Amino acid sequence: MPKRTNIKKILLLGSGPIVIGQACEFDYSGTQACKALKEEGFEIVLVNSNPATIMTDPDIADHTYIEPLTPEYVEKIICEERPDSILPTLGGQTALNIAMKLYENGVLAKYNVTMIGADYATIKKAEDREEFKKAVLRAGLEVPRSAFAHTMDEAWQAARDIGYPLIIRPSYTLGGTGGGITHTDEEFEAIASLGMESSMTHEVLIEESIEGWKEYELEVMRDSKDNVVIVCSIENLDPMGVHTGDSVTVAPAQTLTDREYQVMRDASLALIREIGVETGGSNIQFAVDPLNGRMVVIEMNPRVSRSSALASKATGFPIAKFAAKLAVGYSLDEIRNDITRETPASFEPAIDYCVVKAPRFTFEKFPEAKDILGVQMKSVGETMAIGRTFKEALQKALRGLEIGHVGLDNRQDYRDIPDEKILLRLKEPNASRIFYIKYALQKGMTVDQIAGVSRIDPWFIDHIAQILEMERELARVIETEKTLAEPLFRRAKEYGFSDAQLARMMGVPEMDIRRQRKEKGIIATFKQVDTCAAEFEAHTPYFYSTYEQEDESVIENRKADESSSRPRKKVVILGGGPNRIGQGIEFDYCCCHAAITLKDMGFETIMVNSNPETVSTDYDISDRLYFEPLTFEDVMNIIDVEKPDGVIVQYGGQTPLNLADKLSAAGVPIVGTSVESIDLAENRELFSRFISRLKIAQPANASANSAEEAARYAAQIGYPVLARPSYVLGGRAMRIVYDEESLLTFMSEAREVSPGKPVLIDKFVEDAIEVDVDAISDGTQTYVAGIMEHIENAGIHSGDSACVLPPHTISEELIAQIKRDTCRIAEGLQVVGLLNIQFAVKGSKIYVLEVNPRASRTVPFVSKATGVPCAKIAAQIMMGKRVKDFNLPVDLDLPHFSVKESVLPFSRFSGVDIVLGPEMKSTGEVMGIAMNFGEAFVKSQLCANQELPKTGRVFVSVKDEDKRAIVFLAKRLRDLQYTLVATQGTAKVLRSNGVVVDVVGKYAEGENTLLKMIKSDQIHLIINIPSGQASQSDLRKIRAAAILYNVPCITTLQGAWAAVNGMEDMLIRPFSVKSLQSYYRGMRLAGPVEAYQEG
Amino acid sequence: MKEAILYLEDGTSFIGRTLGTPGETAGEVVFNTAMTGYQEILTDPSYAGQIVVMTYPLIGNYGVNAEDAESNGVHVKGFVVKEFCRRHSNFRADQSLIDYLDQHHIIAMEGIDTRKLTRHLRQRGAMKGLISTDDFNPESLAGKIARVPAMAGSDWVKEVTAKEKYVWPADASFGAPGYRVAALDCGIKFNILRILSRLGCEVHVFPARSTYEQIMAVQPAGLFLSNGPGDPAALDYVIKTVRQFIGTLPIFGICLGHQILGLALGGQTYKMKFGHHGANHPVQDMRDSRIGITSQNHGFCVDLETLPKDEVELMALNLNDRTVEGISHRKFPLYSVQHHPEAAPGPHDAQYLFREFIAMMKQHKNHSQP
């Protein structure tokens, strides 16, 4: 069936900020969908609150709204844009939920908007647990025994009927928030009540626990002609009980016979038909009892998901792109497979390699939280590795995680780990279980014993045992012969051992191993990912490395050389690897922009990355894609084959930047800012001298190589000091330290985070305004792209604080000086490309806090706010263009305000306080744009799921220093008709200043009144500013409750100011929506994107 | 563990190792892209005379069990993989694949770049190959390989057909009395028999050399032409027999059976470059345009142009390379498919074709018994 003709304008919803459970995979799917639909001539309206996405680039959709993803805002956009259809299946759970709401409240009917991809009834059937269960049974399949409960009485009845262990799953939540496994009455009470709270429908499913069963996932696609294909099967290493996002997974499924696999395939076909997903992708999860093969259906997502991104990257089959085409009427056989060009998309990919996905956790950011895994997802990112064997892929994945392991190595001596600990770590799923399997084997446990304790399939454990056997053989040979000869050396590489791993075993530098290896002719070969196991010729150069005989990238390179008349210059762009807090989608955005713009300039672009969620690992983005870990060895292997003219290291975050030194030493042509300049900015002493030479103020500082040195310097500088390790991102382990004792605690942690690197000690400038600047420089001329004023005072990590562009409280003189300083620093450092500077403004004095000669987290935000595509321009400058070649505005006079707000993952980590500090904790960001600051701020809060109340009761409790300042705010709140409650101390100050306020007891003061009020929805906003070291405060429980009951909670005075400002604005005028394209048209410079392309 | 060589007709060689049986074996080298189902592949009689290369690199993961065999023996001449699984895991497994291959004296090789080999076969076409653990001398290997008969023109059916007629009874679970089907065994897979049996058929399995009279003696309601190995054109004796049935009994053919029917209807077959061996090919049923994902295993193909257009029509088409996947007759109750609706291994999308055979027999019976 060809394209539908009754559709012209399609509304596409994105998934909003990056949160745990919903990350850049939806930028990947949404961007693919936008491009595919635009290609077909449809007019696309896009809504997404996340400025760091590629999909919100103004040239991807026709009308791009960076607005809150709420039913109200989307309704307003529908009212303005009048789309005829809405495609809700590509923006994760967020998009699905909003579309459902808009259907239910009649908005879609009112404006005549049709749901395409999946309709209301279908989504309802798949999402509503009761309906889903019925559908599964109708399809002749099994589900675990279960019952629904809406009250605790119903819940207890179900628990008695089914018996422990039980699993509790709340309906309509993201990534399993609020669920859990219970073995006792006590656990049951806690988890069941929490689950009901977090469910949109106050409903939980209580079911037979199938913990320990084998878990599988199938990615299914269906078209309007009822053709169905399975794109990929996935088997989880961690058995049932661990959220699939937190499991190590492998594709394709390994331990199913064809007969069992086909039963699962038949079940998937039956289910997608029964649920009625008309077109598009779905994923279906199954559990299989390892003892008898009994198969039950766990759940189904009637939309593209994290797993479909993984499946797309694992097979080369672009699920989201095809899902979009199917939604507008095409059938699978009418779509060509891009890779083979000859064959249609109505087939099932055959793969001839093994794919391993490993989750990236950041428990180190939340020391109070345990690293125990369960049905609620906790990982913040993932890496995918491809190898010809599971052993190779597993070791590649582990080194790709960048958690200090260079493979399946030992970070600690297994002999030091007590047996009980090993048993516990095997039994209780946790972030490092895979390593404990090895420790257990080293201690002499058998494969069967480990399988018994962990319930991990012995197939996986035996492969780990094989890696260990190889390691032992290597150790033996190294011990006796001091060297490695060809066959064993090669076998070690086939087993995925990294050069670094072998170097550690031999006690020599990694470079020695690399040299020996190359001398022996043991060279990585690259194979193509081609969807068809080499049955057809592949045209899309998507490669992974392995140790085999034939190198297909060499063959492809030769072919390309022969076919083109003039050789093109090649640029390698190094990506950022797995997402983590501090390094995420913003860097992927920059990498994509570099690839897109340099491809346009005629370069051959080569992307290297290991993160399957990203747009950068879409083979459409660059000319060649290498899906590889970002380590020195893996990057050098690519350099050896590609021999690029330039390598970009400044766009992928700290990961590639950390490789810059070694790459440069190995003769790799790094383009853009030189390695020396990078060092000058990173090396505190050199940097400090450099800044002094420029006569720019900086806080007193020192860098210390030992605890004693640190203590001495801190005493000289004077507490409080800001202490941090060097060469890290996201303020890892950064602290504001008030005394020597805390400094020494910090020192031991810092050494773990960044071993061998000095620790930086800065005087902490208290009560200063922090300013972030992004700039582009060619070394002689600099363009200041954006100046952002932080809402929170200096001391809170820039990644966690809200900021506004343009600044709204800083004088023009100071701004002019910030610009001048920025240019002098950029030119002094000889920056070629992007640069980010953090300043602190105290009174009329400006201090430089930090300079990063690389892409920063705020580059996409600045680009969206100003319409100037900074990453693209900087990439061109790195390749030789000058700033003056672009028509850049001297003074960008923005008529609108843009506010960036961060999104924090606290609800995932129970027991963690939500107070912000110098260590970054946010997973993502949102943007609010409006013609005035107040509205922009309100939007940003709404985007971050902190809906400021229009009426109601505000709780106020502030530290002593801020009590005076709060009086004025409290008065304004009273004027706006809010009622106030406060703790004793705060209330006293307010009352003596004539503000009417009720007193409420803190948690510890016996009554529990405040907690009760929060639980019963009597508090609508919390302003709680704790003192510097207040994490032990009683109010911690209050803040935890705020998270749980989703009451907006503001923890800084500046945040409170901005909020009250916004609330006032919100009360006097209705909210507005406006597309980026309209904002840009409203600017004095017309058509910014095109205008800045070239001068 | 012993070093082994795979030597190809064109002089290319691959060094690997064999874990079990040593020695020498030769055959046509073909690759299979199915990611599961190695046991079914090993026991499929259609692979007689062939050395099978699995493109999925990890083979043996779930061991071998008693239920998944497609015949009573292993028919491949040799088996080539990237890596054999040392420790299998599956609740139905009876033994490891390595032990099983050893028990059946199959020379199996691992540790070679199977993707390179596959690309080579794709570009140059399927060719003869020889695996040896003793002889690594290219000249001597070239001499040996020259003496191996080519697949084109070879009758491999005689090696795998039933020695004597036997009966596969109808499944007891099928309540009503079903049809009696005569199956001409050119190397029939058990799953065809299992499915017909589940649909109530009592299948009389005849050796390939059985005559029209011998078959008609059991008064079958329909004739089934099985899959099998080798070149269909070399099977003049079967083609002749089948020709006698056209127009008298409903006929359903699969794979080699389809090619034989094509030849019996006056058409020709040709050898494909490297054939289709896998479980992921899209096939469109021309009657309703529906697409099914099919199991494939063939190196020869029916040439539609050579068939009488007024009698035979295209029933199914391979969407990857647009080759013939099925034919039917405008007048007589007969049809055949090139792919494997019985799957094993592979998807079950085309199993409806068996039910159509039942329907065809029913209709034919109603017509012939007024």
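Mentor: The centres of domain 1 of chain B and domain 2 of chain B, taken over C-alpha atoms, are 28 Å apart. Domain 1 of chain B runs over residues 2-146 and domain 2 over residues 157-368, with bounds that come from an automatic or database domain assignment. The model is predicted, and local features need pLDDT of at least 70, side-chain atom pairs count only at pLDDT 80 or more, and totals for chains, interfaces and linings use all residues. Residues are numbered from 1 along each chain as its sequence is written, while chains are lettered from A and ligands numbered from 1 in the order in which they are written.

At the meeting of the two domains, 23 residues of domain 1 of chain B are in contact with 24 residues of domain 2 of chain B (C-beta atoms, placed from the backbone, within 7 Å). Three elements of chain B each give two or more residues to the domain 1 side of this contact: strand 3 (24-32), helix 1 (38-43) and helix 3 (114-124). Helices (H or I, at least four residues) and strands (E, at least two) are DSSP runs numbered from the N terminus. Of the elements on the domain 1 side, strand 3 of chain B gives the most, with three residues.

The wider setting includes a second contact, between the chains. Here 45 residues of chain A are in contact with 40 residues of chain B. On the chain A side, helix 9 (258-275) and helix 16 (458-481) each supply at least two residues. Helix 9 of chain A accounts for the largest share of that side, namely six residues.

Chain A itself contains 38 helices and 38 strands. Its C-alpha trace spans about 80 × 70 × 65 Å along the principal axes. Within chain A, among the contacts with a separation of 6 or more, 71% are between residues 24 or more positions apart.

The domain assignment divides chain A into five parts: domain 1 (9-116), domain 2 (356-522), domain 3 (526-670), domain 4 (700-764) and domain 5 (903-930 + 932-1068). As one example of their placement, the centres of domain 1 of chain A and domain 4 of chain A, again taken over C-alpha atoms, are separated by 45 Å.

To return to the part requested, the contact in chain B joins 23 residues of domain 1 to 24 residues of domain 2, and strand 3 of chain B is the element that gives the most to the domain 1 side.
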